[in-house]
Amino acid sequence: KMRVLITGPPGIGKTTLCKEIANQLGSKAAGFYTEEVREGGKRVGFDIVSLGPESQRGILARVKSNVKGPSVGQYTVHLEDFEFVALPAVQNSDAQFLIIDEIGKMESFSQRFQGAIRKIFKEFPGIIIATLPIAKGKPLPLVQEVSAAANTEIVTVNRENRDSLPSTLIEMLTSK
């Protein structure tokens with residue numbers, strides 16, 4: 001039961017790393033990643049995309065949203081959409097690897113997601129690869145909890161290591 005938590009500043013390549021790992025693991029991996037949505041070169045929000053043959057895409061957050069929901073900066077979080085994609089992607093998985101990108105502020109507005117993550121970190125028999133934001137100020141309670149879990153390795157992505165990390169991590173994950 002290994003837990004690999006990937007952290008680093010925004011835009012450093014945490015999601016790219018997750019997608020690369022997911023590609024290499026293929027059908028052995030389940031879970032989801034989040035992706036920037038851009039219009040005319042401007043970031044207008046984030047989508048959530050589940051892994052696997054029946055991949056689904058939902059809205060995680062948007063600027064100028066007409067959906068009522070919690071907000072993070074200029075973004076409104078679309079909880080229903082997020083939960084519709086995220087919860088099935090991380091629950092009932094018999095995959096060997098579970099990729100969760102990310103356990104952050106937007107995702108933590110979902111109580112159901114928080115509950116699912118707590119359960120998964122306790123019970124998932126395989127390897128979890130999750131991304132965490134770098135805390136500005138006080139870290140999120142859920143982030144503190146998963147960081148303190150047993151068998152947890154924290155990997156910080158930076159400009160120096162981001163190109164070599166995919167192969168380093170795949171090697172580490174598949175040799176366990």
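Q: Why is Phe82 called buried?
A: Buried means under 20% relative accessible area, exposed means over 50%, and partly exposed is in between (1.4 Å probe, protein chains only). Phe82 has a relative accessible area of 0%, so Phe82 is buried. Bear in mind that this is a predicted model, where local features need pLDDT of at least 70, side-chain atom pairs count only at pLDDT 80 or more, and totals for chains, interfaces and linings use all residues. Residues are numbered from 1 along each chain as its sequence is written, and side-chain values use heavy atoms, with hydrogens and water left out.

Q: What makes Phe82 and Phe113 an edge-to-face pair?
A: Rings of Phe, Tyr and Trp (its six-membered ring) pair if their centres lie within 6.5 Å; planes under 30 degrees apart count as stacked, over 60 as edge-to-face and the rest as tilted. Here the centres are 5.1 Å apart and the planes stand at 70°, so edge-to-face it is. Phe113 is buried too, at 0% relative accessible area. The pair links distant parts of the chain, with Phe82 in helix α2 and Phe113 in helix α4, 31 residues apart. Helices here are DSSP runs (H or I, at least four residues), as are strands (E, at least two), numbered from the N terminus. Ring pairs also bring in Phe32, giving a cluster of Phe32, Phe82 and Phe113.

Q: Why does Gln114 count as buried?
A: Gln114 has 13% relative accessibility, so it falls on the buried side of the cut-off. This residue lies in helix α4 (residues 111–123). Leaving aside residues up to four places away in sequence, Gln114 touches Ser108 and Leu142, where contact means heavy atoms within 4.5 Å.

Q: How do you know that the buried residues of α6 line one face of the helix?
A: Those residues are Leu165, Pro166, Leu169, Ile170 and Leu173. Seen down the axis of α6, they fall within an arc of 125°, so they line one face. That arc is taken from the directions from the helix axis to the C-beta atoms. Among the elements covering them are β1 (3–7), α1 (14–25) and β9 (152–156).

Q: What makes the charged end of Arg3 sit over the ring of Phe121?
A: A charge sits over a ring if NZ of Lys or CZ of Arg is within 6 Å of the ring centre and within 35 degrees of the ring normal. The charged end of Arg3 is 5.9 Å from the centre of the Phe121 ring and counts as sitting over it.
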